[in-house]
Amino acid sequence: MSREVRITPSILNANFADLAGEIRRIAQVSDLVHLDVMDDLFVPNFTFDFEAASKIIRQSVLPVDAHLMVLDADSIAPQYAQIGCASVTLHVEATRDIAATLKAIRNAGARAGLAVKPGTQITDYEDFADLVDMFLIMTVEPGFGGQSFMENMVPKISQTKKIIGDRPIWLQVDGGISPETIEIAAAAGADTFVAGSAVFRAEDPAAMILKLRALAQNVAD
Ligand code: DX5
Ligand code: ZN
């Protein structure tokens, strides 16, 4: 049976002056749009505060997959679910009560995602599998787009796939996904792919998304 593949483009490297327009450009061929929220505390970069993010989420023609790279995810993550994100992902490294926060996200009607940085073992968090709708394996250090895919994260993707087993949990990878790397990640078990610079630095972002999807789907079939 073929595995479902999702492409979730990150607008981190898109034109911030017209994000609604950038999202419309990729709407026909994307499953969700990936919104990187950075607070300059958890990561050394800042993207949006809650007010600016809310505006993007309200205007987006695509469902929003929020990736929260912020301290104090316990209080912030449920707010992103309440304002209508389809999916909200918190980092284990930035959350005090992971179980309660995952439950709060689900209670607010969003899918709950759990992310780990490259230095964090996923096996330490496998007990949360029944509370999550998506695991996110970072394949770069979070903070910036345009970095190289860390190939030494591939065993962690396989481990996560094993933890997921038959559960309908999405397995997302984020960082350095391009036509050169997507098949490696897909072969290890990833089914949901963030791609930032590969998409928005391409001449034709929609065509690039179709290309990435075809490459991943080919491995998944
Ligand atoms: C990095 C972000 C990523 C980033 C991906 O901290 O979480 O979503 O935008 O960008 P690329 O695809 O350029 O690595
Ligand atoms: Zn991200």
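Modeller: A salt bridge is a side-chain nitrogen of Lys or Arg within 4 Å of a carboxyl oxygen of Asp or Glu. This model is predicted.

Colleague: Which side chain does R167 meet in a salt bridge?

Modeller: Start with the general idea. Side chains of opposite charge can pair when their charged atoms come close. Here R167 pairs with D130, at 2.9 Å from N to O. The two sit 37 residues apart and link distant parts of the chain. R167 is in the loop between helix 5 and strand 7, and D130 is in the loop between strand 5 and strand 6. R167 is partly exposed at 32%, while D130 is exposed at 56%.

Colleague: How many salt bridges does a search of the whole structure find?

Modeller: The search finds 7. One of them joins E22 and R25, at 3.1 Å. These two are 3 residues apart in helix 1, about one helical turn. E22 is buried at 10%, and R25 is partly exposed at 45%.

Colleague: Which residues are linked in a network of salt bridges?

Modeller: E4, R6 and D191 are. Within it, R6 and E4 meet at 3.4 Å. R6 counts as buried, at 5%. E4 is exposed, at 56%.

Colleague: Now helix 4. Which of its residues are buried?

Modeller: I98, T101, L102 and I105 are buried. They cover an arc of only 100 degrees around the axis, so they lie on the same side of helix 4. An α-helix has 3.6 residues a turn, so residues three or four places apart point the same way.

Colleague: What covers the buried residues of helix 4?

Modeller: The cover includes helix 3, strand 4 and strand 5. Just after helix 4, G109 has a positive phi of about 95 degrees.

Conventions
Residues are numbered from 1 along each chain as its sequence is written. Chains are lettered from A and ligands numbered from 1 in the order in which they are written. This is a predicted model: local features need pLDDT of at least 70, side-chain atom pairs count only at pLDDT 80 or more; totals for chains, interfaces and linings use all residues. Side-chain values use heavy atoms; hydrogens and water are left out. Buried means under 20% relative accessible area, exposed over 50%, partly exposed in between (1.4 Å probe, protein chains only). Helices (H or I, at least four residues) and strands (E, at least two) are DSSP runs, numbered from the N terminus. The arc is that of the directions from the helix axis to the C-beta atoms. Contact means heavy atoms within 4.5 Å.
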